[in-house]
Amino acid sequence: MANYSFRMYVAGHTRRSQAAEENLRALCDFYLPGCHEIEVVDATEQPDLAEEERVLATPIVIRTSPLPGYRVIGDLSDRAKAAFLLGIPEVDGPAPEGQTL
Amino acid sequence: MTRGAGVERTATGISGFDDIAIGGLPTGRPTLVAGTTGSGKTLFSMEFLARGITGFGDPGVYVTFDETPDALRRNAHSLGFDMETWEADGTWMFVDASLEAGEQTPTVGTYDLGALMARIEHAVRRIGARRVSLDSLGSVFTRFADQDLVRRELYRLARLLDSLGVTSVLTTERDADYNGVTRQGVEEFVFDNVVILRSVMRDERRHRTIEIVKFRGTTHRTGEWLFTIDPEDGLVIIPVAFLAPRDRASRERVSTGNAELDAMVGGGVFRDAVVLLIGSYGGGKTLTALQFADAAYRAGERCLFHAFDVTRGQLGRDAAGWDLDLDVMEASGLLRVTATYPEVASVEDHFLRIRRDIAEFAPARLVIDGLSALERRATPRTLLDIVVALGGVVRQREITTLFTSAPTSGSTTPIMETASIADVTLVLRDVEGPGEVRRAIAVLQTRGSAHDHAIREVTIDGDGMHIGDPFPEILHLLPDTPVLPRDPED
């Protein structure tokens, strides 16, 4: 399976930022075990990076590879939907714990 | 920055705006600038920053949602603003929030505009911005599905701008020029300072106005002010832009070009006078105007001559009939003639052209022959504003000015109102005598000097215009003026 890279932008150490990061890690562990990288950027600490990607809303996750660079805004509380919108292939078996499609 | 009524002001540098705003926008506060599509919002937000840099050395951050920075850089070039240089200097910085075509980011769960605020705050701190413009709030609403969230975030944004201490302009869309304030109907409650730009079609003419709806805790001028968008000067608010106070009044008298007329107005007109000549068609208006221009030529002074409703060729032929050679006068560099029809441009644009010609040619005299022709192109209110503005321009420069106009019906038309800003008002018209049509002239008013009160006969021949004896008969020369019964002893 190809290696997937994601960059997540958050704004400050808020509960929403934490939830978004947890959800992203959980869905990657489920759908892409062992073949993903996640980078988390705090826009309040690195506004230049946010400027480069023209990020307005946070949290936001951008699939940096493989292309195309799908983007999803929000805390990704619906992990299955988030995975679908990020173009991650479905896997057989039960959906991640506590999540529905 | 100036102090006024307790609230510090930041001058925008936009022509005329700081006069109606009594100094400028409230310093350190956000101001909402609302308007329909094409009303000039983006230009206002851009000029606020650009003129802040050129006029006051204030660095500025421009947050763009609607247009790309590249499109804005191109537009700015035509106004003489070099954003690339300012960006390199660190006096101008874009926060690019423009949307790429077809770009729509899906959402899962809750979010906020934290990154946008972080970017704005970063940009402001980085260049030490004193001004921020954001164009436009309406676009933020269309970008995200959750309208309540956007509203909440915009409150936060307004508070952030407050806390950064920058003076800011935030634009927003309106659906109609005279209905409510903003599309979402909420922003006006969030902002203490609201300006509305309008662009309406009235009598088939585009009519642009600007109104300050509120400046919390401080004063401003009320009502709608006419403005235009000049390709070089940007927003120009008329007539306030040109109503600088006149410090002194000239005591020097100059000739009208007709010795008899000079005698009627008390020995020529003052050098800074605005003369209004109301006359019927073929009544000698253009002749008077040409003689007025000739007086400048003879004195070795420059004269700018704007004629409406006549071609340069016709004007030259008329002049030749009275032994005046316009070609020779123009070749000397002392006369500049522009003959045009009102229909070729809006009245505002005619005004801007005349203003530009005045600045460039620096005439001692100005003639506008056929002011009334402009009535076809403007609402009465617009025309009056233009005439008042033009009066401001010529007075400031002590340009002896002659407006000629056809008589208009009623005393409340703009032409008659123009008389209130004129220093000398002359009426020249045909009168029916027994079995013949004759011409008569009268001086209605001269400011600051005595004048002849007689209604005198005028004759025109190959040598020009001659003013003769008072008409013995009672004539009804002045519009809407009661006629005295004839004295039986007379």
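**Notebook: chains A and B**

I began with one side chain: a polar atom of the side chain of S372(B) lies 2.7 Å from the backbone nitrogen of A406(B). I count this kind of pair as a polar contact, that is, N or O atoms within 3.5 Å, where within protein one must be able to donate a hydrogen and the other to accept it, and residues adjacent in sequence count only if both atoms are side-chain atoms. I placed S372(B) in the loop between β18 (365-369) and α14 (380-396) of chain B. Helices (H or I, at least four residues) and strands (E, at least two) are DSSP runs, numbered from the N terminus. S372(B) has a relative accessible area of 13% and is buried. For burial I use under 20% relative accessible area as buried, over 50% as exposed and in between as partly exposed (1.4 Å probe, protein chains only).

**What I am looking at**

This is a predicted model, in which local features need pLDDT of at least 70 and side-chain atom pairs count only at pLDDT 80 or more, while totals for chains, interfaces and linings use all residues. Residues are numbered from 1 along each chain as its sequence is written, chains are lettered from A and ligands numbered from 1 in the order in which they are written, and side-chain values use heavy atoms, with hydrogens and water left out.

**Entry: where A meets B**

I looked up the contact (heavy atoms within 4.5 Å). Chain A puts in 26 residues and chain B 27 residues. The two chains bury about 2,100 Å² between them, and carbon and sulfur atoms give 55% of that. Buried area here is the accessible area (1.4 Å probe) that two parts lose on being put together, summed over both. Which residues of chain A lose the most area to chain B? They are R54(A), L56(A) and I73(A), together 37% of what that side buries.

I then checked the charged pairs. A salt bridge is a side-chain nitrogen of Lys or Arg within 4 Å of a carboxyl oxygen of Asp or Glu, and the rule finds four across this interface. In one salt bridge, D48(A) meets R126(B) at 3.1 Å, N to O.

On the side of chain A that touches chain B, the elements giving two or more residues are α2 (47-52), β4 (71-73) and α3 (79-85). α2(A) gives the most, with four residues. By class I recorded 14 nonpolar, four polar and eight charged residues on that side. Nonpolar covers Ala, Val, Leu, Ile, Met, Phe, Trp, Tyr, Cys and Pro, charged covers Asp, Glu, Lys and Arg, and polar covers the others, Gly among them.

Helix α5(B) runs over residues 114-127. Its 14 residues reach 20 Å from first C-alpha to last, close to the 20 Å expected at 1.5 Å a residue. The expected span is 1.5 Å times one less than the number of residues. Is α5(B) largely enclosed or exposed? Of its 14 residues, 10 are buried, so the rest of the structure largely encloses α5(B). Among the buried ones I listed L116(B), M117(B), R119(B) and I127(B). The cover over them includes α2 of chain A, and β5 (60-64), β6 (92-96), β7 (131-135) and α7 (147-164) of chain B. Just after α5(B), G128(B) has a positive phi of about 65 degrees.

In helix α3(B), residues 69-78, I found P69(B), A71(B), L72(B), R73(B) and A76(B) buried. The buried residues of α3(B) pack against α2 (41-56), β5, α4 (83-89) and β6 of chain B. G80(B) follows α3(B) with a positive phi near 85 degrees.

Most residues other than glycine have a negative phi, and most peptide bonds are trans. I looked for exceptions.

- T58(A) and P59(A) are joined by a cis peptide bond, omega about -5 degrees; P59(A) is in the loop between α2 and β3 (60-65) of chain A.
- S65(A) to P66(A) is also cis, omega near -5 degrees, and P66(A) is in the loop between β3 and β4 of chain A.
- A362(B), not a glycine, has a positive phi of about 45 degrees; A362(B) is partly exposed at 40% relative accessibility.
- E398(B), not a glycine, has a positive phi of about 55 degrees; E398(B) counts as buried at 19%.
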